[in-house]
Amino acid sequence: MQTDKKTPPSLETLTGLCKRRGFIFQSSEIYNGLNGFWDFGPLGTELKNNLRDAWWQDMVRNPPLGPDGEMLDIVGLDSAIIQNPLVWKASGHLGGFNDPMADCRESKARYRADHLMVYLPTSGEGTAYAFLEGEPAVAEKRIRKAKSDTANFSVVPFTDLPLDQIATVWGPDATKAGTLTEPRQFNLMFKTFIGAMSGEGEDNTAYLRPETAQGIFINYKNVVDTMRVKLPFGIAQVGKSFRNEVTPRNFIFRSREFEQMEMEWFCHPDEASKWYSFWVEARLQWWASLGVDMRNLRRRDHDEDELAHYSTACADVEYQYGFTAPGFGELEGIAHRGNFDLTQHQEASGVKLEYFNQETNERVLPHVIEPASGLTRGVLVLLNEAYTEEFVPKGDTGGDTLLAEPGSEAPEGYEKRIVLKFSPRLAPIKVAVFPLLKNREELVKKAKDIFAELRKTWPAFYDQAGAIGRRYRRQDEIGTPFCVTIDFDSLEDDTVTVRDRDSMRQYRIPVSELKSWLFEHINE
RNA sequence: GCGAGCGUAGCUCAGCUGGUAGAGCACCACCUUGCCAAGGUGGCUGUCGAGAGUUCGAAUCUCUUCGCUCGCUCCA
């Protein structure tokens, strides 16, 4: 069904709704909060769990068919958050996740220190001129202006300079020398210490994992040895990861504690690029299958210079978030890791990680394709995607509903309705039950009986407060797809009305068929 | 970490040049309500982010501090 593309809500609108309705709260709020951390409220928890379960179902238990229509084999894993620190040394995170930064006190610019180069006077005296790697023009111009020649200088990395020489450096965006700070380490991994009596020290330092993937690589051999898996196969894991982001920003988009859904697909080196293409496409389609508008999704292939230290190719699934529009922001990355990780761990641990194919008598170190998505970001996408403002005609229920721009005022004769249009599979509450009137005992009793029955199967909600329309609207705002109302006819003929969230239509359903009706519509 | 902005009820805010806190919405109870929110009556809510100073007196002025938001960097 092609409908008008919705304008995504602003971050304020979304965070407001999330707080007001119990989806997501600022962490440690009563202590003034803590930057980069978020707590999931009752509804946010349900939503996040539903997304996680959908991923697990569609990735581990019932993965998509392969490129030739074959069934794929993917098994699950739940590894520890804290691992032997040698894991992070081998994976490159201890070195590679360590970005030295230098700030310019004058221009307020910040540079990756390892991206800065310097024209250093060979005489050892006088001003040195810094420039961004590959952009020496600025520095060279300044050298000419100082009536000197680049021949009198040698080019060295900024990070190789002794500390006392940094004061002689003229920064790329400064008007004079001496404005750059010395490079400071931004270690993105959270440190902790093992042992109850331990203080800080090198020997008992451990790290909270910055990604779930390494837990998979270090268990690859265990899985091969115990699960009778044959190449190609996958290992999947969902869990928390931690990164000391320099700047957590944009609600839960970039937080310091977040959740990932990662799958490592191990395959023969010769088939790696085939599988890479397959997974990029499969992952894009998966997000679409959750009801995400394809017009808000796109594939973006990484340029070579932005590839992470471990990958030889990478494509992102990007989403048009409210705060990035009209641009896009990352949701999932599908990386071709080659055999980097297994090679590293094989060397560092001394344990052979080759796969032996009994049929062909061949030993290979598998290559890895990694679809890694952010569960936390996925929740943000679902909220963005679901958030809808509509103008509905006042009074009767017949007139046409109009799609509204978030934050706009309803025209004469209309009123605004805020509704989260989650697919029923993902909605935190599946069904709400109301007695038409709360001061009629028979209605209340029957409604509670039906509620008691439904909650055995689905997350359900009972409400008898206020006017019936108000209760419908409250459920709209948290995305409950169906509301069941018990009225006076229900007492006569044992039927109820089921009200559909999106169309606001009502269906008369016999109570005996209610569960099967809901089952069919929730799992469609 | 650097720069800018902000911090008064659950939410959105008012409170001008200092005199000891207010409005709408929300929420709760009861009434009303025979299907799409805001009809009636009543009710709850505040260490005015925190600390210190000036003053007879500070939400309001000064300093310090904490936190949040935005930009620089990074990434699921």
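These legends describe close-up views of a predicted model, covering the surroundings of RNA strand B and residue T495.

Local features need pLDDT of at least 70 and side-chain atom pairs count only at pLDDT 80 or more, while totals for chains, interfaces and linings use all residues. Residues are numbered from 1 along each chain as written, chains are lettered from A and ligands numbered from 1 in written order, and side-chain values use heavy atoms, without hydrogens and water.

**View 1. Surroundings of RNA strand B.** By class, 15 are nonpolar, 16 polar and 20 charged; Gly counts as polar. Sugar or phosphate supplies 50% of the RNA atoms within 4 Å of the protein, and bases supply the rest.

**View 2. Polar atoms at RNA strand B.** A polar side-chain atom of R254 lies 2.4 Å from a base nitrogen. At M504, a polar backbone atom is 2.6 Å from a base nitrogen. A backbone N or O atom of L331 lies 2.7 Å from a sugar or linking oxygen. Among the elements giving two or more residues to this surface are β17 (329–338) and β27 (495–500). Helix α12 gives the largest share, six residues. Helices (H or I, at least four residues) and strands (E, at least two) are DSSP runs.

**View 3. T495 in strand β27.** The C-alpha atoms of T495 and I509 are 5.3 Å apart.

Technical notes
A residue is near a molecule or strand if one of its heavy atoms lies within 4 Å of it. A polar contact is a pair of N or O atoms within 3.5 Å; within protein, one must be able to donate a hydrogen and the other to accept it, and residues adjacent in sequence count only if both atoms are side-chain atoms.
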